[in-house]
Amino acid sequence: MKILDKEKFKQTITVPCLYLPYKSIQSASKLLKRYILKLQNFLPITVVSKSVLDKLVKNDLLFEEESKIAILDPRKVNKFSDLEDDCLRLENLGINEKFLFYTDINLGYDNWKADEILRSVIPPEFDAVSGYSLVGHIVHLNLREHLSDYKNLIGSVLLDKIKCARSVVNKIDTIDNTYRNFNMEVLCGDYEMVTQVKENRCIFKFDFSKVYWNPRLSTEHERISEFLKKGDIFYDVFAGVGPFSIPAAKRGCITLANDLNPDSVKWLQTNILLNKLKDNISVFNKDGHEFIKKEVKLHLLSLQPGNYSIHIAMNLPGHATAFLPSFKNLFSEKEMQHIKLLPIPKVYVYTFSKGVSNPSEIALKAVEDAFGQKLETEILDVFFVRDVAPNKKMMRVTLLLTDNILCNRKRDAETEREGKKLCV
C-alpha cells in the first residue's frame, strides 16, 4: 500500500469473553489486567450488548443490570484454565468456566498503533520506520531512500496517530552547513515550522527549519544542568537556542551564550524572555574561536576568587575539537597569576566516535590531537552520550583547563627576551 486506504484495515475477529456480574466487576478487573485485549481506542471491559446477552442466556447465566464483559486476548486465552493461578481467585468471586464464551468484534484503522499499521503495509524486506523525533507539533523523520515510495503514506499515518502532531517532515540532506540546519520536505500536514517545546522545566520556541534542535539530547542537557549550582560561571560556546544556557541561568549561574547562527541568537533571545531570564544571560553572535579568545578570556580576567565553579560547554560534535586550540596559550604568564586564583575551568567537549570499538579512546585521541599534547591529569571523564548511527557514537570528554594548557611559559620567556633586546 502506497496510498493510505483506511477501509482495508476493517476486520471482524472472534475473541474470548468473560462475563462479570456487577458485584465482581472491580475485583475481577484487577485479576484480568494481563489477559485483556489491548488495542487503541478500544474498551476491553464493556457493557453487555444484545448479541452477547443471547450468549449469556445460552450458557444459562443470569443477566444482571450493570454487569459487564471482559474481552480477552485470543493469543493468551482459549479456555478458562489459561487464566492460570487466577482461576481460583475468580471462582472465589463466583466466576467459573461457564462464564467464558466467544463473541465477534469489529476492528478497524483506529484500533492499531502507527508502527503496527506501517509494518502491515511496508514490504517485510524493507526496514520499517525505526523512529522519529517529536519537536512540539512537528514529527521529524530521517527516511532512508528505499522508503521514498512510501513516504506520503508514512506521513499520513504518523499525522493520524501521534497526538498533537500537525506537521510531518523528512530530512533530505545531512547537517553539513555552517549553521547546522538542514533542508526538509513536508510529507503531511501544515508547513508551520515555528514550534514550542518544554524541556528541563524551561520553554523553548524556535523555527525548526532554521536552527538545530535534537530532543534526543534532552537527557544530556539535564545531566549538565545537574552539575551546576547558583553562582557558578557557565560559558556556552555553541549555544543554539539555549538548551544548556537557559537551564544554567535558571539555576542562578552567570551565563555567557554564543552562537554563529543569527537565527539561533534571535530565538535564544526570545527564549530568555519567555523564561524571564533577561538579566541572567549575556548573548553573543560570534565565531567560536573569537568568543573564546575575547569574551571568555576577558570575563575570566574580570572574575574574583570565590566558592564557585567554572563550566564551558562545547556542543558541536562534528567540529568542537577544532575549537579547542583557542584555549591553548590563551593567557600570558602575568595574566596567569590572576587565573591561578580562580577555580580551574571545566570543559564539556562533544565529539563523534566512528568505529566498531573503543569509542572512548577515539574521543580522547581527538581531544589530544586538537591540543597537540598528551593529556593525563586534565581528563576527568569520557562519557557515552548516545548512538547516532551504526558504528557512530556521540561522546562527551570532560577536561580541566590547567595552566599547562592555558599558558606557554616558553613563549612568554621568548617575548620577554625580545623586549629586552628592543629596549637596548
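A residue counts as partly exposed when its relative accessible area lies between the buried limit of under 20% and the exposed limit of over 50%. The model on display is predicted, and the tour begins with a residue in that middle class.

**First stop: Arg 166.** Select Arg 166, which sits in the loop between helix 5 (151-161) and strand 7 (167-171). Its relative accessible area is 41%, so Arg 166 is partly exposed. Next, display its surroundings: beyond the neighbours within four places in sequence, Arg 166 is in contact with His 137, Leu 159, Cys 188, Gly 189, Asp 190 and Glu 192.

**Second stop: Lys 33.** Move to the loop between helix 1 (25-31) and strand 2 (45-47), where Lys 33 is found. With a relative accessible area of 56%, Lys 33 is exposed.

Select helix 10 (residues 333-339) and pick out Met 336 within it. Is this residue buried or exposed? Met 336 has a relative accessible area of 3% and is therefore buried. Show Phe 331, Asp 403, Leu 406 and Cys 407, which Met 336 touches when residues up to four places away in sequence are not counted. Finally, zoom out to include Asn 92: Met 336 and Asn 92 are 244 residues apart in sequence, and their C-alpha atoms are 81 Å apart in space.

Note on methods. Residues numbered from 1 in each chain as written. Predicted model: local features only at pLDDT ≥ 70, side-chain atom pairs only at ≥ 80, totals over all residues. Heavy atoms only, no water. Helix = DSSP H or I, 4+ residues; strand = E, 2+ residues; numbered from the N terminus. Buried < 20%, exposed > 50% of the residue type's maximum accessible area, 1.4 Å probe, protein only. Contact = heavy atoms within 4.5 Å.
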